[in-house]
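This report covers the sheet, the helices packed on it, the nonpolar cores and the aromatic pairs of one model.

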Amino acid sequence: MKVVLKRQPQIALAAIASFVESENTEGSGKRFIVKFVKFIEKSAVTKVKFALCHHHILASLKYSCIIFNKWVIAFAIENNSMVVHKIIHGTILK
């Protein structure tokens, strides 16, 4: 299944990479994002029915959620593609 990142997740990934890079060694931000994106791609499995997110606002938007570390990845399956609409740090949703 194809993975499509909307604008908000792209901006979030860039900010995450910048933060990780500032806290760790050179290149660590890029390595973290590569792992992050690979996790999303591995999760994009055809013929899998994902439950809606537990958070009421994300569920009302008909988003399903997966978790990578403390990051919530909200997505919808559209035309045989996993469309990632939001990447949010889990502490924000509490």
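Valine 4 has valine 83, a residue of E4, as its bridge partner. The model discussed here is a predicted one. Helix H1 lies against the sheet, with contacts to E1, E3 and E4, and its direction makes about 50° with that of E4. H2 also packs on the sheet, where it touches E1, E2, E3 and E4. The direction of H2 makes about 140° with that of E2.

**Sheet**

The sheet is open and has four strands in the order E1-E4-E3-E2, and its pairing is mixed. Strand E1 (2–5) and E2 are the edge strands, each of them pairing on one side only. From one strand to the next, the twist averages 35°. Between E1 and E4 the pairing is parallel and runs over four bridges.

**Nonpolar cores**

The largest nonpolar core has 18 residues, and the members that touch the most others are Ile16, Phe32, Phe36, Ile73, Val84 and Ile87. Two or more residues each are given to this core by helix H1 (7–23), H2, strand E2 (64–68), strand E3 (71–78) and strand E4 (81–89). H1 supplies the largest share, five residues.

Isoleucine 73 shows how these parts meet. Apart from its neighbours within four places in sequence, isoleucine 73 is in contact with Phe36, Phe39, Ile40, Ser64, Cys65, Ile66, Phe68, Val84, Lys86 and Ile87. There is also a second, separate core of seven residues, among them Cys53, Leu58, Ala76 and Ile88.

**Aromatic pairs**

Over the whole structure, a search finds five aromatic pairs. Two of them are set out below.

| Pair | Centre to centre | Angle between planes | Class |
|---|---|---|---|
| phenylalanine 32 and phenylalanine 36 | 6.0 Å | 70° | edge-to-face |
| phenylalanine 36 and phenylalanine 68 | 4.7 Å | 50° | tilted |

The pair of phenylalanine 32 and phenylalanine 36 counts as edge-to-face because its planes stand at 70°, where the class requires over 60 degrees. Phenylalanine 32 and phenylalanine 36 are four residues apart in helix H2, so about one helical turn separates them. Phenylalanine 32 and phenylalanine 36 are both buried.

What does the pair of phenylalanine 36 and phenylalanine 68 tie together? Phenylalanine 36 belongs to helix H2 and phenylalanine 68 to strand E2, so the pair links parts that are 32 residues apart in sequence. Phenylalanine 68 is buried, as is phenylalanine 36. One aromatic cluster is formed by Phe32, Phe36, Phe39 and Phe68.

**Serine 28**

Is serine 28 buried or exposed? Serine 28 has a relative accessibility of 10% and therefore counts as buried, the cut-off being under 20%. Serine 28 is part of helix H2, which spans residues 28–43. A polar atom of the serine 28 side chain lies 2.7 Å from the backbone oxygen of threonine 25. Beyond its neighbours within four places in sequence, serine 28 is in contact with Val20 and Glu21.

How values were computed. Residues numbered from 1 in each chain as written. Predicted model: local features only at pLDDT ≥ 70, side-chain atom pairs only at ≥ 80, totals over all residues. Heavy atoms only, no water. Buried < 20%, exposed > 50% of the residue type's maximum accessible area, 1.4 Å probe, protein only. Polar contact = N/O pair within 3.5 Å; in protein donor to acceptor, adjacent residues only side chain to side chain. Contact = heavy atoms within 4.5 Å. Core = buried A, V, L, I, M, F, W, Y, C linked by side-chain atoms within 4.5 Å. Pairing = 2+ DSSP bridges. Axes fitted to C-alpha atoms, helices over the stretch in contact; angles between N-to-C directions. Phe/Tyr/Trp six-rings, centres within 6.5 Å; stacked < 30°, edge-to-face > 60°.
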